[in-house]
Amino acid sequence: MYDPTVARLTYRALLGRRRALILGALPLLLIVISVVVRALAGADDQTAADLLGGLALATMVPLIGVIAGTGAIGPEIDDGSVVYLLSKPIKRPTIIFTKLIVAIAVTMVFSALPTLIAGFVLNGNGQQIAVAYTVAALVASITYAALFLLLGTVSRHAVVFGLVYALVWEALFGSLVPGARTLSVQQWSLAVAHKVTGGDLVTSDVSLTTATVLLVVVTVLATWYAGQKLRSLTLAGEE
Amino acid sequence: MTTLSIDHVSRWFGNVVAVNDITMTIGPGVTGLLGPNGAGKSTLINMMGGFLAPSTGTVTLDGQQVWRNEAIYKHIGIVPEREAMYDFLTGREFVVANAELHGLGAKAAQRALATVEMEYAQDRKIQTYSKGMRQRVKMASALVHDPSLLLLDEPFNGMDPRQRMQLMDLLRRMGDEGRTVLFSSHILEEVEQLAWHIEVVVAGRHAASGDFRKIRRLMTDRPHRYLVRSSDDRALAAALIADPSTSGIEVDVTEGALRIQAVDFGRFTALLPKVARDHGIRLLTVSPSDESLESVFSYLVAA
C-alpha cells in the first residue's frame with residue numbers, strides 16, 4: 001500500500017524551495033506572535049487557549065493542510081508529470097495512500113509541532129493546553145490531508161476550493177452558523193483536545209464519539225474516492 | 001511479439017468528435033502515426049497508453065484491455081509529448097525513480113541512460129536540460145523496463161537535426177529488435193525517414209494505412225501546384241505547356257506570376273530549370289503552393 005519511490009518524489013516536490021518557504025512562514029509567524037504575547041502579557045491560560053484555538057488550529061492547520069494536501073498531487077496532475085506514476089504497474093490506491101501519508105506527515109510537522117512549541121512558549125503547557133491543541137492539530141492534520149488530497153485529485157482549482165473551505169466554511173460560517181460547526185474538522189479535533197484537557201478552556205460543539213466517527217469516516221471515504229478518481233483519471237492531449 | 005489492437009474506437013469530448021471509428025493493428029517494427037495538427041493523434045495515443053477511455057470500441061494489447069489495467073504497463077513504455085517531468089530531479093534520479101516504480105534498481109536505470117547516451121549529463125538537474133536532452137531522458141525512463149511496446153507522442157518536436165537523427169537511429173534499432181514502436185508526427189519527412197509502415201489520421205478518421213512508399217507515391221503522384229515568377233512569364237508558360245508533365249498554366253496578372261499545375265512531379269521538376277535555361281529566362285520564384293500537409297492529406301482522403 002505504500003511505495004517509497006512515490007513518497008520520495010512527493011516529499012521532494014512538496015518541500016521544494018518555494019513551497020517550503022510558504023509552509024515554514026506560517027509556523028514561524030505563530031511562534032513569533034507567541035513570543036511577543038508572552039513577553040507583553042505574561043503566561044496566561046486563557047490567552048494561550050485563544051491564540052492556539054484561533055490562530056493555530058482554526059487558521060494555520062487548515063492552511064498547511066491545503067498546501068500539503070493539494071500540493072501532494074495537484075501540480076503533478078496539472079502539468080501532466082503524473083503520467084510517469086500512472087504508466088507504471090502500481091495500483092492507483094497505493095499512489096494515493098502513499099501521497100496521503102506524505103501529506104499527513106508534512107502537515108503534522110509544519111502545524112502540530114509549531115503548535116506545541118507555541119503552547120509551551122505561551123504558558124508552559126499549563127492545564128495541558130499546549131498538548132491538547134497539539135493533539136487536535138495532529139488529528140486534524142490527518143483529515144485535512146485526506147480531504148485536500150481528494151480535492152487535488154478531482155479539481156484543477158483545488159487550492160482555491162481548499163482555501164474557501166478552510167477560511168470561509170471553518171472560520172466564518174463556523175462562527176456564524178451553529179449547524180456548520182458540526183461539519184467542521186476543527187470542531188471534531190477540538191472534541192479530541194477537550195478529552196485531553198478535561199477543563200473548560202478547550203471546548204467543542206461535537207461529542208467525542210460523533211467527532212471520532214466523522215474523522216474516521218471522512219478520512220477513509222476521501223482517500224478511497226481519491227483512489228477511484230485516480231484510476232479513471234484521463235490525461236487529455238494538448239490538441 | 002506484441003500487437004496493439006484498436007477496434008472501432010471513437011472518442012468524443014462533448015460535441016466534438018476527436019477520434020471517429022478507427023480500427024487498426026500495430027505490430028512489431030516502427031509504425032508512424034501521421035496526421036496534421038489536431039487530427040486526433042494525441043487522443044489516439046492517450047487511448048493506446050491507457051490514459052483516456054474510448055467512448056466506444058476497445059484498445060487491447062495482446063488481447064488484454066489497456067484502460068484501467070495497471071499491470072499492462074509492464075509491457076508499455078511511454079514517451080509523452082508534454083514537457084513536465086519532475087524538473088527538480090537530476091536525470092539519473094528521474095530514471096532511477098522510474099526504474100524503482102517498475103520494481104527495478106539503479107542498474108536498469110544506468111543501462112537505459114547509456115542507451116540514450118545521456119550518462120554525461122545524468123547528474124545535472126532536468127530543469128537545465130535542452131529540449132533534446134529532456135526527450136532522451138524521457139526515452140530512458142520509457143526504456144528502463146525493456147518494454148515490448150513503445151509509444152511516443154511527437155518525439156521529434158523541437159529537436160535539432162543531430163538529436164533527431166540520434167533518436168531516429170535509436171527507434172530504428174528498437175524496431176529491428178522486434179519491439180512494437182509507434183510514434184506520432186505531423187511531419188511527412190520524419191515519418192518517411194523512420195517508418196516502413198504508416199497509419200494516417202485526418203480529422204479523427206483513419207485515412208490510410210500500409211506501406212509508406214505506396215502512400216508516398218499516392219501523395220507525390222497527385223497534381224502539384226507551383227507559383228513561379230520569372231523574367232519572362234509568358235515565354236516560360238508557352239515552353240512549359242508544350243510538355244505533357246504540365247496540365248495547366250494560369251497567368252496571374254495581379255500577383256505577377258504563373259500558377260502551374262504539374263501532373264508528373266519528377267519530370268516537371270527536372271523540366272522547369274532546363275526550359276528556363278534553354279530560353280534564357282531567369283527564374284525568380286519557384287514555390288509549391290499546396291505543399292502543406294493538410295492539402296496532401298485532403299488529397300489522400302479524397303483518393
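Colleague: Helices (H or I, at least four residues) and strands (E, at least two) are DSSP runs, numbered from the N terminus. So where does A:N125 lie?

Modeller: A:N125 is in the loop between α6 and α7 of chain A. Before going on: this is a predicted model, where local features need pLDDT of at least 70, side-chain atom pairs count only at pLDDT 80 or more, and totals for chains, interfaces and linings use all residues. Residues are numbered from 1 along each chain as its sequence is written, while chains are lettered from A and ligands numbered from 1 in the order in which they are written.

Colleague: Got it. What is phi of A:N125 near?

Modeller: Near 65°, a positive value in a residue other than glycine. Most residues other than glycine have a negative phi.

Colleague: What about B:E117, what is its phi?

Modeller: B:E117 has a positive phi of about 55°, and it is not a glycine either. B:E117 sits in the loop between α3 (106-115) and α4 (131-143) of chain B. B:E117 counts as exposed because it has 12 C-beta neighbours inside 10 Å.

Colleague: Staying with α4(B), how many of its residues are buried?

Modeller: 10 of its 13, so α4(B) is mostly covered. Among the buried ones are B:R134, B:K138, B:M139 and B:L143.

Colleague: What covers them?

Modeller: The cover includes α5 of chain A, together with β6 (76-79), α2 (91-101), α3, β7 (149-152) and α5 (161-176) of chain B.

Colleague: New topic: α7(A). How many of its residues are buried?

Modeller: 24 of its 26, so that helix is mostly covered. α7(A) reaches 37 Å from first C-alpha to last, close to the 38 Å expected at 1.5 Å a residue. The expected span is 1.5 Å times one less than the number of residues.

Colleague: At what angle do α7 (129-154) and α10 (185-197) of chain A pack?

Modeller: About 145°, with their axes 8 Å apart. Axes are lines fitted to C-alpha atoms, for helices over the stretch in contact, and angles run from 0 to 180 degrees between N-to-C directions. The residues of that contact divide into 14 nonpolar, 4 polar and no charged.

Colleague: How many residues has the largest nonpolar core?

Modeller: 150, and those with the most contacts inside it are A:Y133, A:A136, A:A145, A:L149, B:V95, B:A140 and B:L151. The largest share of this core, 19 residues, comes from α7(A). Such a core is a set of buried Ala, Val, Leu, Ile, Met, Phe, Trp, Tyr and Cys residues joined through C-beta atoms within 7 Å. A second, separate core of 12 residues includes B:I249 and B:L258.

Colleague: What is A:A145 in contact with?

Modeller: Leaving aside neighbours within four places in sequence, its contacts include A:G65, A:A68, A:L100 and A:T107.

Colleague: Last one: where is A:R19 found?

Modeller: In helix α2 of chain A. A:R19 is partly exposed because there are 16 other C-beta atoms within 10 Å. The C-alpha atoms of A:R19 and A:I67 are separated by 7.9 Å, though the two are 48 residues apart along the chain.

Notes. Ala, Val, Leu, Ile, Met, Phe, Trp, Tyr, Cys and Pro count as nonpolar, Asp, Glu, Lys and Arg as charged, and the others, Gly among them, as polar. A residue is buried if 20 or more other C-beta atoms lie within 10 Å of its own, exposed if 12 or fewer, and partly exposed in between; C-beta atoms are placed from the backbone. Two residues are in contact if their C-beta atoms, placed from the backbone, lie within 7 Å.
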